[in-house]
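Please look over the sequence and the model before reading the points below.

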Amino acid sequence: MQLFDMFGEPPQFTIHEMTLVLRSGVFLKYAAAVAVLLTAFDTHGYREAGMPLTANMLLWAVCVAGFVAVYVAVLLGWFALAPGGQQVRMLRLVPNVTAMATVSLVVVAIAAFFTGQEFGWRVALQRLPYNMVLSYTFETLMFVFILPQADAALGLGLYRQQIANRAAPAEGSPGQEAALPQAEGPNGTAVVVLGGQAFKLDQLRYVKSEEHYLRISAGDSELTLRGRLADLLAQVPQEAGLQPHRSWWVARDAVAGLKRGGQSDLLLLADGCEVPVARGRRTHVRETVEGWQAGTE
């Protein structure tokens, strides 16, 4: 997922990386500092209207926690429902407005309980513009200063500008990169490392490059990790699989056949998946698949 606007360099992250950031000490300290500042400056004058200090502290703690919870819920919902598969982009204003509108109503409700002030949508809407400016300011500070610190502390590389396919062969070049020496697992099985995780080579079915990430199908599972297809190509022997397209690598055992077409071919996998074959790789792919099929007859 990528969040972006005109302020700062847009980070790209997975759900797992977002969870790590939210649990990091850097982020938790910043969230606590925001709650303390809101209390110290008596935002909206609730203490002056009779709200006890402890209740005021609790109010802004609930506000910050609620804002983060709704913000994350919007991101997760968009990630699950939006078109585009694993690659999702969103303007930061969308989760910010949604979260702040929800939290403003909650804050007004809690304040009305302690101060006797009026509660309703009208009051919440009157305070929403100020709350939006405040929340957007804190959010921008977080993305520009706090998130890079959390990123560096966790070693996630959320702001790395990588081109996933820059080291992959050109569209018209069917060859793969020279393989590096293979790592071995406990039983002598070949192992490749992608995104910091080790996979047995004989369990890999296919790997698809999606911008800064790799969609990896291995065994009975599929997951997305940060990485480049070149990271895989540098580790696997050429006979272990095939690269029908600059964004795909397919294991030899996963190939069920080849569907030829006038304009383009499709590599058919055993699980029913169809992988596009680049025009410049058609001859190489056809010859390779024919050789594999002849070897199994």
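The model is a predicted one, and the points below are grouped by element.

*Pairing of β10*

- Strand β6 (residues 204-210) runs antiparallel to β10, and three bridges join the two.
- In this pairing, Tyr-206 stands opposite Val-250 of β10.
- Strand β9 (residues 241-245) is also antiparallel to β10, again with three bridges between the strands.
- Here His-245 stands opposite Trp-248 in β10.
- β9 and β10 form a hairpin, with two residues between them.

*Helix α4*

- Helix α4 covers residues 93-115, which makes 23 residues.
- At 1.5 Å a residue, α4 should span 33 Å; the end C-alpha atoms are 31 Å apart, which agrees with that expectation.
- The buried residues of α4 are Pro-95, Asn-96, Ala-99, Met-100, Val-103, Ser-104, Val-107, Val-108, Ala-111, Ala-112 and Thr-115.
- The cover over these buried residues includes α3 (53-81), β2 (89-91) and α5 (121-154).
- Val-97 also has its place in helix α4.
- Val-97 has a relative accessible area of 35% and therefore counts as partly exposed, since that class lies between the 20% limit for buried and the 50% limit for exposed.
- Val-97 and Asn-131 are 34 residues apart in sequence, and their C-alpha atoms are 9.7 Å apart in space.
- Just after α4, Gly-116 takes a positive phi of about 80°.

*Packing of α2 against α3*

- Helix α2 (residues 25-40) packs with α3 at an angle of about 135°, and the two axes are 9 Å apart.
- That angle makes α2 oblique to α3, because an angle has to be over 145 degrees to count as roughly antiparallel, and the roughly perpendicular range is 65 to 115.
- The crossing in which α2 passes α3 is right-handed.
- On the α2 side, the residues that meet α3 are Phe-27, Ala-31, Val-34, Ala-35, Leu-38 and Thr-39.
- On the α3 side, the residues met are Leu-53, Asn-56, Met-57, Trp-60, Ala-61, Val-64 and Val-68.
- Besides packing with α2, α3 is among the elements that cover the buried residues of α4.

Technical notes. Residues are numbered from 1 along each chain as its sequence is written. This is a predicted model: local features need pLDDT of at least 70, side-chain atom pairs count only at pLDDT 80 or more; totals for chains, interfaces and linings use all residues. Side-chain values use heavy atoms; hydrogens and water are left out. Helices (H or I, at least four residues) and strands (E, at least two) are DSSP runs, numbered from the N terminus. The expected span of a helix is 1.5 Å times one less than its number of residues. Buried means under 20% relative accessible area, exposed over 50%, partly exposed in between (1.4 Å probe, protein chains only). Contact means heavy atoms within 4.5 Å. Two strands pair if DSSP finds at least two bridges between them. Axes are lines fitted to C-alpha atoms, for helices over the stretch in contact, and angles run from 0 to 180 degrees between N-to-C directions. Angles under 35 degrees count as roughly parallel, over 145 as roughly antiparallel, 65 to 115 as roughly perpendicular and the rest as oblique. A crossing is left-handed if the near helix is turned anticlockwise from the far one by less than a right angle, and right-handed if clockwise.
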